[in-house]
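Here's a walk through one protein model, from a pair of helices down to a handful of single residues. Keep the structure open and follow along.

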Amino acid sequence: MLDEILSKKILSILPESNNIQELRFREGYNLIGIIKNSYKEFNYIVSKEDIISIIKATTNNSLYSSQDTIKNGYISYKGLRIGLAGEGVVENLNLITLKNIKSLCIRVPHEYDFYHPYLEKIYNNFDNTLIISKPGLGKTTLLRSIIKKISELSYNNILLLDEKGEVSFDNTIKLGKNIDVIISIPKAHAYSSFIRVLRPNIIATDEVFGSVEIDAIQDIIRCGVKVIATMHSEGIQTINQKIYAKLLSMMRYIIVLEDVGKIKEIYDRCK
């Protein structure tokens with residue numbers, strides 16, 4: 001995917017893409033990457049033209065078509081999430097878009113072979129599940145892996161709310177015969193609208209944030225629909241806020257990642 005959006009000059013200084021986890025472009029500064037979990041500064045000064053070229057490539061030369069995500073600080077492209085930093089354009093106290101973009105953060109998705117003996121129980125006896133870790137350790141990848149496996153093993157209808165397109169690679173990959181995917185729609189709207197018409201047994205969602213979403217998840221579970229979700233956190237012990245403690249209380253299984261692609265522990269609250 002990187003070869004579709006980066007110049008030949010930049011590609012020539014990078015290692016193989018399967019070793020790249022993240023690239024940071026800051027106008028006027030050296031290109032920085034995370035390569036195999038290690039920080040690396042490249043001997044290449046990022047130009048304004050580099051940033052403009054990447055934005056054009058990832059929006060198919062149509063900034064207007066991507067305004068809904070740009071105003072939220074990112075562009076989604078075939079599973080890549082490109083974070084943006086620039087100047088906000090505000091009208092009537094509402095953020096309309098970003099301009100004068102000076103920085104890009106490109107996160108490159110990878111597949112990992114997660115292993116933990118308790119995963120088999122989750123596959124075969126699914127119940128509400130929360131995956132937590134610090135950023136960049138593979139929460140989204142594990143979410144994708146679990147729903148694909150459940151789709152293979154059962155006839156549960158799974159609805160994936162993939163607002164940023166990271167789980168389904170913008171709906172360009174096959175996830176399973178029993179999975180329906182909604183992308184680029186705010187989750188708050190999807191929770192209340194699409195559940196009624198698609199009648200899922202399981203809802204999958206990435207990066208839960210804030211009380212509104214947690215209240216929506218509580219309503220979903222009350223209606224008899226199971227949920228699998230991810231959330232940024234260093235561990236269970238650091239989740240002190242009342243609203244997130246409420247989320248934990250709804251979950252049977254809590255999966256904690258400790259390193260890239262590595263499960264630290266799986267807690268079963270019914271044991």
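## Helix α9 and its buried side

Start with helix α9, residues 242-250, where Y244, L247, L248 and M250 are buried. Look down the axis of α9 and those buried residues fall within an arc of 160°, so they line one face of the helix. Keep in mind that this is a predicted model.

## Helix α3, and what follows

Helix α3 spans residues 48-58, and its buried residues are D50, I51, I54, I55 and T58. Around the axis they cover an arc of only 130°, which puts them on the same side of α3.

Just past the end of α3 sits N60, with a positive phi of about 55°.

## The whole protein

Zooming out, the protein has nine helices and 13 strands. Its radius of gyration is 19 Å, close to the 18 Å the globule rule gives for 271 residues, so the protein is as compact as a globular protein of that length. Along the principal axes, the C-alpha atoms fill a box of roughly 55 × 45 × 40 Å.

How much of the protein is buried? Of the 271 residues, 48% count as buried. Take the contacts with a separation of 6 or more: residues 24 or more positions apart account for 57% of them. As for the surface, the protein exposes about 14200 Å², and carbon and sulfur atoms supply 48% of that. On the charge side, there are 35 positive and 31 negative charges, and their mean positions are 2 Å apart.

## Two loop residues with positive phi

Most residues other than glycine have a negative phi. F169 has a phi near 55°, a positive value in a residue other than glycine. You'll find F169 in the loop between β8 (158-162) and β9 (179-183). F169 is buried, with a relative accessible area of 12%.

S184 isn't a glycine either, yet its phi is positive at about 60°. S184 lies in the loop between β9 and α7 (187-198). Is S184 buried or exposed? With a relative accessible area of 52%, S184 is exposed.

## Y112, in a loop

Y112 lies in the loop between β6 (94-107) and α5 (119-124). Its relative accessible area is 24%, and Y112 is partly exposed.

Which residues does Y112 contact, leaving aside its neighbours within four places in sequence? The list is Q21, G138, T141, V260 and G261. To get a sense of distance, pick out I75: Y112 and I75 are 37 residues apart in sequence, and their C-alpha atoms are 24 Å apart in space.

I32 has its place in strand β2, residues 30-35. I32 is buried, with a relative accessible area of 14%. Setting aside neighbours within four places in sequence, I32 is in contact with E22, L23, R24 and R26, and also with Y39, K40 and E41. N43 is 11 residues away from I32 along the chain, and the C-alpha atoms of the two are separated by 9.2 Å.

V227 is found in strand β11, and at 1% relative accessibility it counts as buried. Beyond its neighbours within four places in sequence, V227 is in contact with F126, D127, N128 and T129, along with I203, I217, I220, I221 and M251. G136 is 91 residues from V227 in sequence, with 22 Å between their C-alpha atoms.

At 39% relative accessibility, E258 counts as partly exposed. Not counting residues up to four places away in sequence, E258 touches L137, I263 and K264.

Definitions and conventions
Residues are numbered from 1 along each chain as its sequence is written. This is a predicted model: local features need pLDDT of at least 70, side-chain atom pairs count only at pLDDT 80 or more; totals for chains, interfaces and linings use all residues. Side-chain values use heavy atoms; hydrogens and water are left out. Buried means under 20% relative accessible area, exposed over 50%, partly exposed in between (1.4 Å probe, protein chains only). Helices (H or I, at least four residues) and strands (E, at least two) are DSSP runs, numbered from the N terminus. The arc is that of the directions from the helix axis to the C-beta atoms. The radius of gyration is taken over C-alpha atoms; the globule rule is 2.2 Å times the number of residues to the power 0.38. Contact means heavy atoms within 4.5 Å. Accessible areas come from the Shrake-Rupley method with a 1.4 Å probe; for residues, only the protein chains shown count as cover. Lys and Arg count as positive and Asp and Glu as negative; His and the chain ends are not counted. The place of a charge is taken as NZ of Lys, CZ of Arg, CG of Asp or CD of Glu.
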